[in-house]
Amino acid sequence: MNSSNCLNHCQLGSLYSDEGLVEAATSYFCRNFEAVSQSKHFLENATVDDLAYFLENETITVKDESIILNTVISWTNFDLENRANNFENLLPFVQWDQLSASDLENFQNQFPKHKGELLRGHPYITLANGLGGFGKCSFLLTFSTVFMLT
């Protein structure tokens, strides 16, 4: 199994009710998430259900949460015309409180429409504009950290 055929193995296992194959492919995917999710084959052929299935798996191994966010963005952008309506449904899989301040700022700059609505909808994060007389600055409040987003 490799990054270019992992998805096929999982889909075939599902089609033929082969739990062993699904489990092996899922395990491979989660251990090699970044390589598999950025492969051309995955970006071309994964459905929104495939992506959601893998993203909800708690055994995904990534060096940081930005990889999850970038996967959602890359998968959507690969076929923007047909996948744009899935973007907002995939964003809840991102653990926003695990992203760096620069990752959050980059996301907000790239997708300004989601700046407030996404963060307000996350139970552990609040975005407040102009707190404490800081004018046009935004603050991202998590349980353990406050990030100033200018």
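How many nonpolar, polar and charged residues does the lining of the largest pocket have? The legends below, which describe a predicted model, begin with the overall fold and then turn to this pocket and other close-up views.

**Figure 1. Overall secondary structure of the protein chain.** The predicted model shows a protein chain with ten helices and three strands. Along the sequence, the elements follow the pattern α-α-α-α-α-α-α-α-α-α-β-β-β. The protein chain has 150 residues, of which 39% count as buried.

**Figure 2. The largest pocket and its lining.** The space in this pocket amounts to about 220 Å³. By class, its lining has five nonpolar, two polar and three charged residues. Leu-55, Ile-60, Val-62, Ile-68 and Phe-93 belong to the lining, and these residues count as nonpolar. Asn-57 and Gln-95 also line the pocket, as do Glu-56, Glu-58 and Glu-65.

**Figure 3. The largest nonpolar core.** This core contains 33 residues, and those touching the most other members are Phe-42, Leu-55, Leu-69, Trp-96 and Phe-107. Two or more residues are given to the core by each of the elements α1 (6–15), α2 (19–31), α3 (33–37), α4, α5 (48–55), α6 (66–78), α8 (87–90) and α9 (101–110). Helix α6 provides the largest share, six residues. Leu-55, one of the core residues named above, is also one of the residues that line the largest pocket.

**Figure 4. The salt bridge between Glu-44 and Lys-40.** Side chains of opposite charge can pair when their charged atoms come close. A search of the whole structure finds one salt bridge. Glu-44 and Lys-40 form a salt bridge in which the closest N and O atoms are 3.7 Å apart. Both residues lie in helix α4 (residues 40–45), and because they are four residues apart, about one helical turn separates them. Glu-44 counts as partly exposed, at 40% relative accessibility, whereas Lys-40 is exposed, with a relative accessible area of 56%.

**Figure 5. Cysteine residues without a disulfide.** A disulfide is a covalent bond between the sulfur atoms of two cysteines. The count for this structure comes to zero disulfides. For Cys-6, the closest cysteine sulfur is that of Cys-10, at 6.8 Å, which is too far for a bond. For Cys-30, the closest cysteine sulfur is that of Cys-6, at 8.5 Å, and this separation is also too far for a bond. The cut-off behind this reasoning is 2.5 Å between the two sulfur atoms. Cys-6 is buried, with a relative accessible area of 0%, and Cys-30 is buried as well, with a relative accessible area of 1%.

**Figure 6. Ser-17 in the loop between α1 and α2.** Most residues other than glycine have a negative phi. Ser-17 is not a glycine, yet its phi is positive, at about 55°. This residue is located in the loop that joins α1 to α2. Ser-17 is exposed, and its relative accessible area is 59%.

Figure 7. Leu-99 is found in the loop between α8 and α9. Leu-99 counts as buried, at 3% relative accessibility. Although 34 residues apart in sequence, Leu-99 and Glu-65 are 5.7 Å apart in space, C-alpha to C-alpha. Glu-65 is also among the residues that line the largest pocket.

Definitions and conventions
Residues numbered from 1 in each chain as written. Predicted model: local features only at pLDDT ≥ 70, side-chain atom pairs only at ≥ 80, totals over all residues. Heavy atoms only, no water. Salt bridge = Lys/Arg side-chain N within 4 Å of Asp/Glu carboxyl O. Buried < 20%, exposed > 50% of the residue type's maximum accessible area, 1.4 Å probe, protein only. Core = buried A, V, L, I, M, F, W, Y, C linked by side-chain atoms within 4.5 Å. 1 Å grid on protein atoms, 1.4 Å probe; cavity = no way out; pocket = protein on both sides within 12 Å on 5 of 7 lines; lining within 4 Å. Points joined across faces, edges and corners; volume = space filled by probe spheres on them.
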